[in-house]
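Trainee: I have a new model open and I'd like to learn how to read it. Can we go through some features together?

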Amino acid sequence: MSAPVVLGIESSCDETGAGIVRDGKLLAHVVASSMDEHARFGGVVPEIASRAHLQAFTPVVRQALSEAGLRLGQIDAVAVTTGPGLSGALQVGLAGAKTLAYAAGVPLYGVHHLAGHVAADTLEHGPLPEPCVVLIVSGGHTSLLLVRDLVREPILHLGDTLDDAAGECFDKVARILGLPYPGGPAIDRAAQTGDPGAVAFPRPLTKGGDDPYAFSFSGLKTAAARWVEQHRQRGEEPSVADGAAALQEAVADVLTRKAVRACRDHDVRTLIVVGGVAANSRVRALAEQRCAAAGIELRVPPMTLCTDNGAMIAAVGDLLVRSGARPAPLEVSIDPSAPLEYASLTPLPAPAPRAA
């Protein structure tokens, strides 16, 4: 009997993704992004994102099936992001996934978006080592996790961001520097010709008395804004390249320092870095350098699997199906602010209040 084929749907923000996975192997990976439409506003506009998902959903799924050489009737399960994310965007993805599952007569699995990022690495490097430390770093999330069996055991949060996520810091400082949205790639490009030591930006929450695994990037953002403001008050334009390089160095320093410490403290030999900011060149380079010095294996997915995509959701769905996990009920709903506790996320509507 052949392994089940799982179609994954992702629509939590501004990417509409469809991926197909069978037995841990990626068969198809298609993403349609509405980023260009949001760039005019300097950030994601929820209404625009929802409309873009509606327009892209069917073409993306069709292309994924074509890429895999499959028909909908050959799909054995559908997995979909049910949270966290933008409410309207999640609703579009869930409605479409329910329709596909019903039409194909197959079970539906609700998946936590961040668990998807963790599972993305399995598509490149195989099963996750047990245990492993995972650094999730993106526009909306910065977290350190201790992961054992991704779909059977609880995921332990070692630390999270207390305010701005790393990617959010990049976006906001890029705007201050006059760079385009999204800020992460723009900062990375500008930093290539800059001096990372030109500005002494702070390293938040890295002193002895601080929470060793918590993150905070709001103060770093403010320091960058003040640096730019001081130059302009003197009638000077700051060096965008130097500012970008120094900011990127500070972010990479904090992220990798805390991640390596978590591995040492918990006697873990593998660090996995995932999420959109995992595509940042300095974050990757410094993580490689520090992990090599500490004798820690570093795993980072390819850049195409770092940002939001349906393949990572299919990867979780594949793991859930193969583990014998129970599918989501028909009335499964979304949870835009869902905490990450388990990979499977199947929130249900609250019961209606009883009549007096």
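Mentor: Let's start with a pair of helices: α2 and α3 cross in a right-handed way. Right-handed means the near helix is turned clockwise from the far one by less than a right angle, left-handed anticlockwise. Helices here are DSSP runs of H or I with at least four residues, strands are E runs of at least two, and both are numbered from the N terminus. Before going on: this is a predicted model, where local features need pLDDT of at least 70 and side-chain atom pairs count only at pLDDT 80 or more, while totals for chains, interfaces and linings use all residues. Residues are numbered from 1 along each chain as its sequence is written, and side-chain values use heavy atoms, leaving out hydrogens and water.

Trainee: Which residues of α2 and α3 make the contact?

Mentor: From α2 it is S50, H53, L54, F57 and V61, and from α3 it is G88, A89, V92, G93, G96, A97 and L100. Contact means heavy atoms within 4.5 Å. They sort into 7 nonpolar, 5 polar and no charged residues. For that count, Ala, Val, Leu, Ile, Met, Phe, Trp, Tyr, Cys and Pro are nonpolar, Asp, Glu, Lys and Arg are charged, and the others, Gly among them, are polar.

Trainee: At what angle do the axes of α2 and α3 cross?

Mentor: In general, two packed helices are described by the angle between their axes and the distance between the axes. Here α2 (residues 46-68) and α3 (residues 87-104) cross at roughly 30 degrees, and their axes come within 9 Å. That makes α2 roughly parallel to α3. Axes are lines fitted to C-alpha atoms, for helices over the stretch in contact, with angles from 0 to 180 degrees between N-to-C directions. Under 35 degrees is roughly parallel, over 145 roughly antiparallel, 65 to 115 roughly perpendicular, and the rest oblique.

Trainee: How do α7 and α9 pack?

Mentor: Helix α7 (residues 183-191) meets helix α9 (residues 240-265) at about 115 degrees, with the axes 7 Å apart. So α7 and α9 are roughly perpendicular to each other, and their crossing is left-handed.

Trainee: Now single residues. Is N309 buried or exposed?

Mentor: N309 is buried, at a relative accessible area of 0%. The cut-offs are under 20% for buried and over 50% for exposed, with partly exposed in between (1.4 Å probe, protein chains only). N309 sits in the loop between α11 (303-306) and α12 (310-323). A polar atom of the N309 side chain lies 3.3 Å from the backbone oxygen of L305 and one lies 2.6 Å from the backbone oxygen of T307. Leaving out residues up to four places away in sequence, N309 touches E10, G17, H29, V31 and T304.

Trainee: What about the backbone itself?

Mentor: Most residues other than glycine have a negative phi, and most peptide bonds are trans. D23, in the loop between β2 (15-22) and β3, has a positive phi near 55 degrees. At 42% relative accessibility, D23 is partly exposed.

Trainee: Which peptide bond ending at P84 is cis?

Mentor: The one from G83 to P84, with omega near -10 degrees. P84 lies in the loop between β4 (77-83) and α3. The bond from E130 to P131 is cis too, with omega near 0 degrees, and P131 is in the loop between α5 and β6 (132-137).

How values were computed. A polar contact is a pair of N or O atoms within 3.5 Å; within protein, one must be able to donate a hydrogen and the other to accept it, and residues adjacent in sequence count only if both atoms are side-chain atoms.
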